[in-house]
Amino acid sequence: MNPDPERVVIVGQGYVGLTLAVRAVEVGFDVVGIETDERRMAHLAAGESYIEDIGDEQLARCLASGRYTPTAEPRDCTGFDIAVVTVPTPLREGVPDLSFIEDSVRTLGWFLRRGATVILESTTYPGTTAELVRLILEEESGLSAGTDFHLGYSPERIDPGNPSWGIVNTPKVVSGIDADSLAAVQGFYDRLCESTVAVSSTQVAELTKLLENTFRHVNIALVNELAIFARALDVDVWEAIEAASTKPFGFMPFRPGPGVGGHCLPIDPSYLSWKVRQTIGQSFRFIELANDVNEHMPDYVVRRLMLALNERGRPVRGSRVLVLGLAYKRNTADARESPAIAVAERLVELGADVRAADPHVRDVVIDARVRRVEATAQEAAAADAVVLVTDHDRFDLDAIVASAPYVLDTCNRARGENVEKL
Ligand SMILES: NC(=O)c1ccc[n+]([C@@H]2O[C@H](COP(=O)([O-])OP(=O)(O)OC[C@H]3O[C@@H](n4cnc5c(N)ncnc54)[C@H](O)[C@@H]3O)[C@@H](O)[C@H]2O)c1
């Protein structure tokens, strides 16, 4: 087996893949970043990053080093020592869609050589690496996993926009289908990250990622439901959460919100519940309950707005509502599965005149009747209600609250007599 791998192929140059590619270039690897999305490829070629955590200068340095080649051409995979797959793993009608993994792995199989290592990073259910990925690679290459090439899984933990924890200082869980594969996978990430955590199988590593995301999903659902009932009991849930957080052991705070978004929470736990149902025919009740609670939060936000407008003698139909934030996460441009879109579109369906402001989000697929505006005091003053869905630092909340007749704050950030918290 090759003792000093240098040529790395990373399939998928999204949040995960581009971050990994940049880091691998910075530590000295030769990196080929395969990307099928033409718009993303054009940005990469022009040295324009579409990911907040990677600056244009950082990307430009990688390109200038001559060791980073973004490309759409599968042939550029030729001669790789290490390949990492970081493609999307969505749900299609509630069922895991592994077609992106299958396509990428098939391509890698054509170029797989003896001694090379293939690592899956995409989030998926236990068994994907050791069964599906292995089978495709062996079929396409005619080689044998374990004997001829290494195969492993390493879940990604990046948290876009997090100023404290990034790819370098977040411990990286690593695994292989056998001891040699684990050594190859761990050796690679030891060059990229400060610490790696080896686990005994690829299935454990796959489950680790799903456990982390299911844990968040379920706990967010718990506080979301608590927020609804606490309001009905006329108790401030936010204050209770802050008070509970002073307990130095046995408690971890989660905060309510307008629903969950992004590529992870609305999707990953369902990979686990699907696998459980598929394999043993049982329902993973915690996940299904959490899905149910979290999916209903946008409806709850809309209901609260309806009640508030009603209090002011206004029907939703014809009322002007300013939605602040379209991204699912503060200070990011990521609007995938964003609950803000659900809130805005439900209001439109009810006949409201909906305007939405988000200084980070450029492109978003949303009902054309939602008008994009700037988050100005004038917009707030002209609205019948303002709903803060994503608390970007760039919003001047003081100016907005001072001008708006009514603000529904789903993030517990705004203060004022005219503000109601979720
Ligand atoms: N974004 C996160 O914070 C995060 C965190 C942890 C894990 N993950 C997981 O990592 C995986 C990737 O997530 P992401 O956020 O980077 O997704 P993303 O959509 O930003 O990036 C994936 C990229 O892969 C490209 N692609 C798809 N098929 C391809 C192919 N055959 N060849 C080359 N490129 C291809 C897409 O065009 C896209 O640009 C998912 O499984 C996700 O669940 C994401």
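Predicted model: local features only at pLDDT ≥ 70, side-chain atom pairs only at ≥ 80, totals over all residues.
Q: Which polar atom of His263 lies 3.3 Å from an oxygen atom of the ligand, side-chain or backbone?
A: In His263 it is a polar side-chain atom. For Ile158, a polar backbone atom is 3.5 Å from an oxygen atom of the ligand.

Q: Why are helix 1 and helix 6 called roughly perpendicular?
A: The axes of helix 1 (residues 15-26) and helix 6 (residues 179-192) cross at roughly 80° and come within 9 Å. Angles of 65 to 115 degrees count as roughly perpendicular, and therefore this pair is given that name.

Q: Which residues make the contact of helix 1 with helix 6?
A: Helix 1 supplies Leu20, Arg23 and Ala24, and helix 6 supplies Tyr189, Arg191 and Leu192. By class, 4 are nonpolar, none polar and 2 charged.

Q: How is helix 7 known to be roughly perpendicular to helix 9?
A: Helix 7 (residues 202-232) and helix 9 (residues 268-280) pack at about 115°, with axes 8 Å apart. The range for roughly perpendicular is 65 to 115 degrees, so the term is applied to helix 7 and helix 9. Their crossing is left-handed. Residues in the contact include Leu207 and His217 of helix 7 and Tyr271 of helix 9.

Key: Residues numbered from 1 in each chain as written. Heavy atoms only, no water. Axes fitted to C-alpha atoms, helices over the stretch in contact; angles between N-to-C directions. Helix = DSSP H or I, 4+ residues; strand = E, 2+ residues; numbered from the N terminus. Parallel < 35°, antiparallel > 145°, perpendicular 65-115°, else oblique. Left-handed = near helix turned anticlockwise from the far one by under 90°. Contact = heavy atoms within 4.5 Å. Polar contact = N/O pair within 3.5 Å; in protein donor to acceptor, adjacent residues only side chain to side chain. Nonpolar A, V, L, I, M, F, W, Y, C, P; charged D, E, K, R; others polar.
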